[in-house]
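Work through the exercises below with the sequence and the 3D structure at hand. Each task is followed by a solution in steps.

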Amino acid sequence: KLLDNRAYCKYLKGEEKGILDDFNMALHIRDSMDNKAGIGISKMHLSEYYLKTGDSLRAYQTALDAYNLSHSLGLNRDELSSLVLLSRADPSHATAYMSSYTTLNDSLLLEERKVRNKFTRIQFETEDHIAANKDLKIRNGWITLTSIMAVVSLSMLIFGYRQKSQNKTLLIDQYQQKANQEIYDLMLKQQNREEEGRIQERIRISEDLHDGVLARLFSARIGLGLLNFISSQKVLEQFHKLIDDFQLVEKEIRDISHDLKTDELSSKKDFPKLLFELLEEQSSIGNFSYQLEKDDSIAWNQVDEKIKINLFRTVQEAVYNTLKYAKCKKIKICLKRRKNEVVLIIADDGKGFDTNKKNRGIGLKNMKSRARSIGAVLDIKSIPKEGTTIEVRITTKILYHEAVT
């Protein structure tokens, strides 16, 4: 192919040296490879060369060979070129060759037009498909956007509904807690009222016994003692025995009156047991756990009744306040000896409070007042969200030997 193209370029430029050798060498190589399309091109180039050199016979023969070869192979463009060469090499039949040329060329143009029309139709249909795809993409985009918005809206509605339900549940829980707190407050108030009623009733009975019955018995005994019986010795002895019995009854009534007025603690010597009963009762109401630690070396049976009463009321007030305000889960009470002091510690794990803020409640004031009344020292330590510890310290000297007024 290279040799043939070089020789043809030389031919077109008008050179003559080596052209025919190159044409023949290229034809020989193509013929040896059985490259029929290349053989046809080489023979057309040789036909042009022979026409230029005036060798019409060879020009006609090579052109005819090229025509037959291209016609058999269906190489239309080469067939047209070979018809032009035949019309030049054989002028006598030029009209027939050109007629064949025109017929073939027209058929080629018609086929080319059909192919062009087909490609145009394909291009048009492709553009229609592209436009339809664009519309489909736009439609799909809107569908996707609408679906996303619908999903988001539905999710927001579900979230809002759940949030509303949770808020309702929380509100119901708050109402329930408030109702439970009110019920518990009422129970505490009821217990306090019952306790106060029992105390007032004991005081009333004590005063009635002391001021009424005991006074009348005393008057009767004195009156009998002032009578001067003149009788036998045996009657006098019975009379004096009755006077002594009156005096014993007075003493028993006086003791009962004193016991009633000094509260039920005066008849109970086991002070830690009272605290245990208090914790046991309140834990069932307030739903908390408790722990009571005691030092067995403390002789509570030797402690003044007034001190035990005030210590018990202090613990009672602390427990009530803890349940009412602190919402604790555990209360710990400790009774222990520390050098020459006995220490009462009440600790809880509730909400706690700021001790620097002024407290309007009367509970802490009552505890401080009770501590002062028995000569004890009250110390309150509390941290918000960490609990409260109340410590009451009283010397053993006061605890065992001195009655505080």
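Ala, Val, Leu, Ile, Met, Phe, Trp, Tyr, Cys and Pro count as nonpolar, Asp, Glu, Lys and Arg as charged, and the others, Gly among them, as polar. The model used here is predicted.

**Exercise 1.** Find the residues that line the largest cavity and sort them by class.

Solution.
- Step 1: The count gives 1 cavity of 30 Å³ or more, and the largest cavity holds about 40 Å³ of space.
- Step 2: Its lining consists of N310, L311, T314, M367, R370, A371, I374, L378 and V392.
- Step 3: Two or more of these residues come from each of α9 (305–326) and α10 (363–373).
- Step 4: Sorted by class, the lining has 6 nonpolar, 2 polar and 1 charged.

**Exercise 2.** Which helices does the salt bridge between R77 and E112 tie together?

Solution.
- Step 1: In the salt bridge of R77 with E112, the N to O distance is 3.8 Å.
- Step 2: R77 belongs to helix α5 (residues 76–89) and E112 to helix α6 (residues 94–226), so the bridge ties together parts 35 residues apart in sequence.
- Step 3: R77 counts as exposed because its relative accessibility is 51%, and exposed means over 50%.
- Step 4: E112, at 32%, is partly exposed.

**Exercise 3.** Describe the salt bridge between E293 and K332.

Solution.
- Step 1: The side chains of E293 and K332 meet at 3.4 Å, N to O.
- Step 2: E293 is in strand β1 (residues 289–294) and K332 in strand β2 (residues 330–338), 39 residues apart.
- Step 3: E293 is partly exposed at 30% relative accessibility, and K332 is partly exposed at 33%.

Definitions and conventions
Residues are numbered from 1 along each chain as its sequence is written. This is a predicted model: local features need pLDDT of at least 70, side-chain atom pairs count only at pLDDT 80 or more; totals for chains, interfaces and linings use all residues. Side-chain values use heavy atoms; hydrogens and water are left out. On a 1 Å grid over the protein atoms alone, a cavity is a set of points where a 1.4 Å probe fits but cannot get out, and a pocket is an open set with protein on both sides within 12 Å along at least five of seven lines; lining residues have an atom within 4 Å of a point. Grid points are joined across faces, edges and corners, and a volume is the space filled by probe spheres set on the points. Helices (H or I, at least four residues) and strands (E, at least two) are DSSP runs, numbered from the N terminus. A salt bridge is a side-chain nitrogen of Lys or Arg within 4 Å of a carboxyl oxygen of Asp or Glu. Buried means under 20% relative accessible area, exposed over 50%, partly exposed in between (1.4 Å probe, protein chains only).
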